[in-house]
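Please examine the sequence and the structure shown below before reading on. The paragraphs that follow lead from the chain as a whole to its individual parts.

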Amino acid sequence: MGKSKKIEIEEDVLVKIKKLKVNYELRYGYLKILSEYIKRFPKEHRAVRKDSVIGTDGTPKDDWVRTISEAKIGEIIAFLIDNKIQFVFENITSDVIDRLRNEYVERQRRISNVIKLKAEQLDITNDDYSFMKIMPYDYQKKAVKFFEINNGIAILGDQPGVGKTAPAFAYAVKHQLKTLVICPASLKLMWRKEIMKFTNEKAFVYKFNPKKKSKIIAFSKEESLFHITNYEAIESYIKLEYKHKCSGKNLVTNQKCDWEEVNLTKTFKKCPICGNQGSVKSRIDGLVSFQDNFGCDIDPQNYDLIIIDECHRLKELKTTWTKIIHKAFSGIPKKLLLSGTVIKSRPFEFFSALNFVMPEEWKNSHEFGVRYGAGFQSNYGWVYDGASNLEELFTRVSPYFLRRLKKDVLKELPPKTYLEIPIELDDKDYSEYKKIEKETIKQIVDGKEVEKELTYLSKIHKLKLFTGKIKTKKIKEIIQDIIDGGEKVVIVSDYMELAQEIIDLFPDISVLHTGAMSELEKQNSVDRFQEDDTIKIFSGMIIASGVGITLTAASKLIKLGFAWTPADEEQVEDRIHRASSTSDTIEIITPYCIDTIDEDIMDLLNDKSYIVSKTLDNQEYKKQAVKTDESIYKELVNRIKQR
Ligand SMILES: [Zn+2]
């Protein structure tokens, strides 16, 4: 209880509102309906204390004082007005009051709109998508609509396989928003490719430097509506700056040290001046911007929109990139976050994303952890890795969170969707690749013209194995994201070595399946993948995985290698998707190294599937496919020779 103070109480004014440094203070004797109303706010938005005051008649009485957050004060004002409760402001002007109230009313209007539209399935009948080269699916247009009514501040949480990138860039193009895309490193070129495949816009990729003979053109920042970078790279463009202060005493003179400095060092174990251990306190002070070798920097002020792909990577609040992204980019006016990871199991991992899109609404990670992460205090500190009050959480995020399951959009999706992921070789890998290529060309040129395709093939094995190894390394994070999204994946290779490497990367959750194994061992792998919930990855060989086995537990297929005929490709795809069943859709992901043999093979195979898709009769298609097979090796060898 506070000290008694003399406060003038005007009899006709019930509620006094005062602006504090950050929050607002509400002072009123006792008003049941207002107290009940405030109690409904989440705890991080309210606090209460009781003061004893002396009224105008000279007698002491209780006075309840409530502290209300900036995010909720507009709501309070609207409530007071709607309920005809008299109030007075002690230190703010009427235009500020109007602004706060209007902001709140506007927000409410938007929320009720969203909820209404969510219920009515978002009407897109009059929306014009003629600016797209390829028409998005209706459910993707609905996501764009959802972004529009939310003013570009939203989280798209569709289940993996539903396709979250297209709505995000379609929204940016539709409104011509200069956009920064942050995504995993392995997906940078995929974003670029998809944007340019679906729209007429160009995309600039940070730190992307195509090789001399590359078919890929690097566009400048100026001509590109989209600028793409990855999480790790941000740390080289923008760094955290720390302020250090020493509270120690000089050991010799016994004088206070008081050393102070601002620099990029995170912490000092001991003071560089007085030499005391642990006497330096360090805290984040600001950000410093840097240029890369091409003279490019990332200036947050340039962007109207930020898209953060696989945004659950922000979940660790202590990670440097999370801190930088929060500090540098939260001022960008429009923010779209994408993630297929489910919130249900660990709501706390979602806090960072919510705080980024709506910092006034989601401000205190501890309060959030206690309420929604079933927080409790252990011997080592607070733990928030449970789940609690989920229904309330979903109600609160619902206005700006959209999640559709695959089964909701199944009718619109073709049974198989294809995604190609271009991968860039770094300089060291590329020069090594070029060395092998040179040797291969020499062998081919020296060889006899009559050599059959198998001999040709053996010569290009080395190149394929090399790119295969690069791809295996680079898709690790893609595989992890699929698993985090609760899905199972089949990965097929054309080399045993690569199939084994996948197992080594994910030893506890994968099974191997190769021609070298016994029938019993192979069947065991298939059964475990199909039936055991802890097994998420099936790592097999393209040929061995082609026939007679069922892998329908998977919703994704990653092709690390290539089958040489469309028939073989289909065989593998149909292990996880059976044409007879229309109940599911699968995504087929093909990573490939740009400026390498992978690109040539893709070109040729894509040509072939064109022929295949035009042929309805199965026999006919097999005949055609074989015809093309013969030329595919020759054509491939020709292409390599020409390099
Ligand atoms: Zn010192």
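A residue is called buried if 20 or more other C-beta atoms lie within 10 Å of its own, and exposed if 12 or fewer do. The model discussed here is predicted. Helix α10, which covers residues 365-372, illustrates the term: Phe368, Gly369, Val370 and Tyr372 are buried there. Among the elements that cover these buried residues are α9 (351-357), β17 (381-383) and α11 (390-397). After α10 comes Ala374, which has a positive phi, near 45°.

The chain as a whole can be described in the same terms. The protein chain contains 20 helices and 24 strands. It has 643 residues, of which 33% count as buried. Consider next the contacts between residues at least 6 apart in sequence: 72% of them join residues at least 24 apart.

Leu20 lies in the loop between β2 (15-19) and β3 (24-28). Why does Leu20 count as exposed? It has 11 C-beta neighbours inside 10 Å, and therefore it counts as exposed. Leu20 also shows how sequence and space may be compared: Ser69 is 49 residues away from Leu20 in sequence, while the C-alpha atoms of the two are 9.8 Å apart.

The sheets come next. Seven strands make up an open sheet with parallel pairing, in the order β9-β10-β8-β14-β15-β7-β18. At its edges stand β9 and β18 (401-402); each has a single partner strand, so one side of each is left without a neighbour in the sheet. Within this sheet, β8 and β10 run parallel and are joined by five bridges.

Which residues of α4 meet α5? They are Gln140, Ala143, Val144 and Phe147, and in α5 they meet Ala166, Pro167, Ala170, Tyr171 and Lys174. Sorted by class, the residues in this contact of α4 with α5 are seven nonpolar, one polar and one charged.

Helix α5 (165-174) is also one of the elements against which the buried residues of α6 pack. The others are β8 (179-183), β9 (203-205), β10 (226-230) and β19 (416-423). In α6 itself, which covers residues 188-198, the buried residues are Lys188, Leu189, Met190, Trp191, Arg192, Glu194 and Ile195.

A further open sheet has three strands, in the order β12-β11-β13, and its pairing is antiparallel. Here β12 (260-263) and β13 (280-289) are the edge strands; each has a single partner strand, so one side of each is left without a neighbour in the sheet. Direction ignored, neighbouring strands of this sheet are turned by 20° against each other on average. Strand β11 (residues 238-246) runs antiparallel to β13, and nine bridges join the two. Ile238, for instance, has Ser289 in β13 as its bridge partner. Helix α8 (residues 320-329) lies across β11 and β13, and it runs at about 95° to β11.

Val511 stands opposite Phe538 in β22.

Terms used
Residues numbered from 1 in each chain as written. Predicted model: local features only at pLDDT ≥ 70, side-chain atom pairs only at ≥ 80, totals over all residues. Helix = DSSP H or I, 4+ residues; strand = E, 2+ residues; numbered from the N terminus. Contact = placed C-beta atoms within 7 Å. Pairing = 2+ DSSP bridges. Axes fitted to C-alpha atoms, helices over the stretch in contact; angles between N-to-C directions. Nonpolar A, V, L, I, M, F, W, Y, C, P; charged D, E, K, R; others polar.
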